[in-house]
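Keep the sequence and the 3D view side by side.

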Amino acid sequence: MKHTILICGYGPGISHAVASRFGKAGHRVALVARNTQRLSSATEELTAEGIQVRAFSANLNDIKEVKRVITTARSILGPIGILHWNAFFDIEGSLLSTLPSDLSKSFDIRVTSYIAAVQECLSDLEAHKGAVLTTSGIMALDDPAIDIFATEYAALAISVAAQHKTTKLLAYTLALRDIHVSEVIVNGFVEKTLGGIGKNKTIAPADIAEQFWNMYTTRQTHSVIFGSTIPVSEIVAHE
């Protein structure tokens, strides 16, 4: 049995597909989210697929909760060799209408809690030459077309941009410990999520999960853009 993948910010889209893809490859799966009913349904579905999975309820905006849930997951499922950070604060609104407290919540879960989780998993990741996988979004990047689109998603745009920079720094920092960092920048709306409802062109979560799997197994590319919903003039993902 391979080491555990800890999926923080579980939902029915990308993170469920990642759980299924890595679980079927033999990894034990730990799901973390606040919604206990969603976690229960996911556990039943993944168990039926033959995956060894456990669910843990936690508020990932709380650093103490982040540390607690990682300690608990490790004690039950064993060393965490892969951390998948998929957590975010879902909020819309411009810079003029968004509450400052909501901006802080969005930043905290995208950056502060993300870093706390990496630090808490660090000994396991280093011992197993593991990986950090991060779900990002196209609003993280600097481009006029993106900025125009992002004006009504201010908190999301600012926090995901900060997370993108964090991931770049982690890629260089963790490489010194033989820990690989992979980021998928999703350019579009994802099927099976609230954002994908009613959209004509969506991205299949399984395709994104397969991208994560390829990046994890090859350990060469640090960041890729997946999808093409927003036309962008010049974007180059870093290697």
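Buried here means under 20% relative accessible area, and exposed means over 50%. The model is predicted. Thr-166 sits in helix 6, which spans residues 154-175. Its relative accessible area is 12%, so Thr-166 counts as buried. What does Thr-166 touch, leaving aside neighbours within four places in sequence? Its contacts are Val-111, Tyr-114 and Ile-115.

Move to Arg-110. This residue belongs to helix 4, residues 100-127. Arg-110 has a relative accessibility of 10%, and therefore it is buried as well. Setting aside residues up to four places away in sequence, Arg-110 touches Trp-85, Ala-87, Phe-88, Thr-135, Leu-156, Ser-159, Val-160 and Gln-163. With one of these, Gln-163, Arg-110 makes a side-chain polar contact of 3.3 Å. Now take a distance. Arg-110 and Ile-179 are 69 residues apart in sequence, and their C-alpha atoms are 20 Å apart in space.

Next come the strands. Look at strand 4, residues 80-85. Strand 4 is largely enclosed by the rest of the structure, because six of its six residues are buried. Which strands does strand 4 pair with? Strand 1 pairs with strand 4 in the parallel sense, over five bridges. Strand 5 also runs parallel to strand 4, joined by four bridges. In strand 4, His-84 is the bridge partner of Ile-7. His-84 also stands opposite Leu-133 in strand 5. Helix 4 comes back here: strand 4, helix 4 and strand 5 form a right-handed β-α-β unit.

Follow strand 5 onward to strand 6. These two strands pair in the parallel sense over seven bridges. Ser-136 has Ile-185 of strand 6 as its bridge partner. Strand 6 is joined by four bridges to strand 9, residues 223-226, and the two run parallel. There, Val-186 is partnered with Phe-226 of strand 9.

Is strand 6 mostly covered or mostly open? It is mostly covered, with seven of its seven residues buried. In a regular strand, side chains alternate between the two faces of the sheet. Check this in strand 6. His-180, Ser-182, Val-184 and Val-186 point one way. Val-181, Glu-183 and Ile-185 point the other way, and all of these residues are buried.

Finish with the packing. Nonpolar side chains tend to be buried together in soluble globular proteins. The largest nonpolar core in this model has 30 residues. Which members touch the most other members? They are Val-18, Phe-22, Val-29, Leu-31, Ile-208 and Phe-212. At least two core residues come from each of strand 1 (2-8), helix 1 (14-24), strand 2 (27-33), helix 2 (36-48), strand 5 (131-137), strand 6 (180-186) and helix 7 (205-218). Helix 7 gives the largest share, six residues.

Zoom in on Val-18. Not counting residues up to four places away in sequence, Val-18 touches Ile-5, Ile-7, Gly-23, His-84, Ala-209 and Phe-212. Another core lies apart from the largest one. It has 29 residues, among them Leu-60, Val-66, Ile-179 and Val-181.

Notes. Residues numbered from 1 in each chain as written. Predicted model: local features only at pLDDT ≥ 70, side-chain atom pairs only at ≥ 80, totals over all residues. Heavy atoms only, no water. Core = buried A, V, L, I, M, F, W, Y, C linked by side-chain atoms within 4.5 Å. Buried < 20%, exposed > 50% of the residue type's maximum accessible area, 1.4 Å probe, protein only. Contact = heavy atoms within 4.5 Å. Pairing = 2+ DSSP bridges. Polar contact = N/O pair within 3.5 Å; in protein donor to acceptor, adjacent residues only side chain to side chain. Right-handed = clockwise from strand over helix to strand, strands pointing away.
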